[in-house]
Amino acid sequence: MLTAITRKISPNFNQCQLTHLGRQTIDIEKAIHQHHCYENILSSLGVEIISLSAEEGLPDAVFVEDMAVVFDEVAVITRPGAESRRGETASIEKEFSNYRKTIRIQPPATLDGGDVLVIGKKVCIGLSLRSNIKGLQQMHTHLTQYGYEVKGVEVHDCLHLKSAVTRVTDHMLLINPAWIDKSQFKEFDLIEVDPSEPYAANGLLVSNQLIYPNAYPKTLARLQQAGIKVITLDISEIAKAEGAVTCCSLIFQTKQ
Ligand code: CIR
């Protein structure tokens, strides 16, 4: 079965890191409600939720995706690029030690889970402001023994690789070609975001259903036209913290 680790929104969410967006006040109550709806959608898809409590001193801790990358064989605990987020890994590592062998990314490497796109045995690592070459090299060292092919991908003008490209079916990627060179993904079918919706490339595929923000109607129409089953939700407050749908959970396979 599938299990997801999530974490409740910090009361200090308004002090989140921001890189490409200007600060807008986040309505905490509304953000908590949106996050709850997100967890409910995952539950409705049969995912068991391990919901960690909020971390008052860690404003960005709801974005658990950045803290680990989980494979069947191992959970890699990251070393986030933003120093303010490094305290978030300890509780995630503790949780994963119940399910997997864990390995840590070591300094001077940095890696955010949002920069790691896994497509079968292919692992793409975004070289962004948050994840560096050393992070890529350590992922390569840890994963080739399990038969994964690890490759670095340049991204620009966005926070993470998965801001620019995510998987929407087993063989199809949703991509913003303004932020990433699409020729790096030649072997996949690609759907491009509508150019007026640059933030629209982040969707979360769970059991053949795509969890997707309702803020991008033009790209949504493209997805539906391609026959993709989409469940939409409002994450407007979470988006003010530069968060999207993949970043609010760590989903992995557990035995029944
Ligand atoms: C940050 O800047 O780290 C947070 N405010 C947003 C992190 C979003 N994470 C993700 O897309 N994987």
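**Ligand**

I began at the ligand and found one of its oxygen atoms 2.8 Å from an N or O atom in the side chain of R85. I note that the model is predicted, that local features need pLDDT of at least 70, that side-chain atom pairs count only at pLDDT 80 or more, and that totals for chains, interfaces and linings use all residues. Residues are numbered from 1 along each chain as its sequence is written, and side-chain values use heavy atoms, with hydrogens and water left out.

A nitrogen atom of the ligand lies 2.7 Å from an N or O atom in the side chain of E65. A backbone N or O atom of A241 is likewise 2.7 Å from a nitrogen atom of the ligand. Taken alone, the ligand exposes 350 Å², of which the protein buries 98% (accessible areas by the Shrake-Rupley method with a 1.4 Å probe). I counted 13 residues around the ligand, the closest being Q17, D60, E65, R130 and A241 (a residue is near if one of its heavy atoms lies within 4 Å).

**Sheet**

I next traced an open sheet of 3 strands in the order β12-β13-β14, with mixed pairing. Strands are DSSP runs of E with at least two residues, helices are runs of H or I with at least four, and both are numbered from the N terminus; two strands pair if DSSP finds at least two bridges between them. The edge strands, each pairing on one side only, are β12 (204-206) and β14 (230-233). Neighbouring strands are turned by 25° against each other on average, direction ignored (axes are lines fitted to C-alpha atoms, for helices over the stretch in contact, and angles run from 0 to 180 degrees between N-to-C directions).

I found 3 bridges joining β12 to β13 (residues 209-213), and the two strands run antiparallel. L204 has I211 in β13 as its bridge partner. N208 sits in the loop between β12 and β13; its phi is near 65°, a positive value in a residue other than glycine. Helix α1 (residues 28-44) lies across β12, β13 and β14, at about 160° to β14 (contact means heavy atoms within 4.5 Å).

**Salt bridges and a cis bond**

My search of the whole structure returned 14 salt bridges (a side-chain nitrogen of Lys or Arg within 4 Å of a carboxyl oxygen of Asp or Glu). One joins the side chains of K121 and E73 at 3.5 Å, N to O. This pair links distant parts of the chain, 48 residues apart: K121 is in the loop between β6 (116-119) and β7 (122-127), E73 in the loop between β3 (68-70) and β4 (74-77).

Lastly, I recorded a cis peptide bond from P107 to P108, with omega near 5°. P108 lies in the loop between β5 (101-104) and β6.

Definitions and conventions: A polar contact is a pair of N or O atoms within 3.5 Å; within protein, one must be able to donate a hydrogen and the other to accept it, and residues adjacent in sequence count only if both atoms are side-chain atoms.
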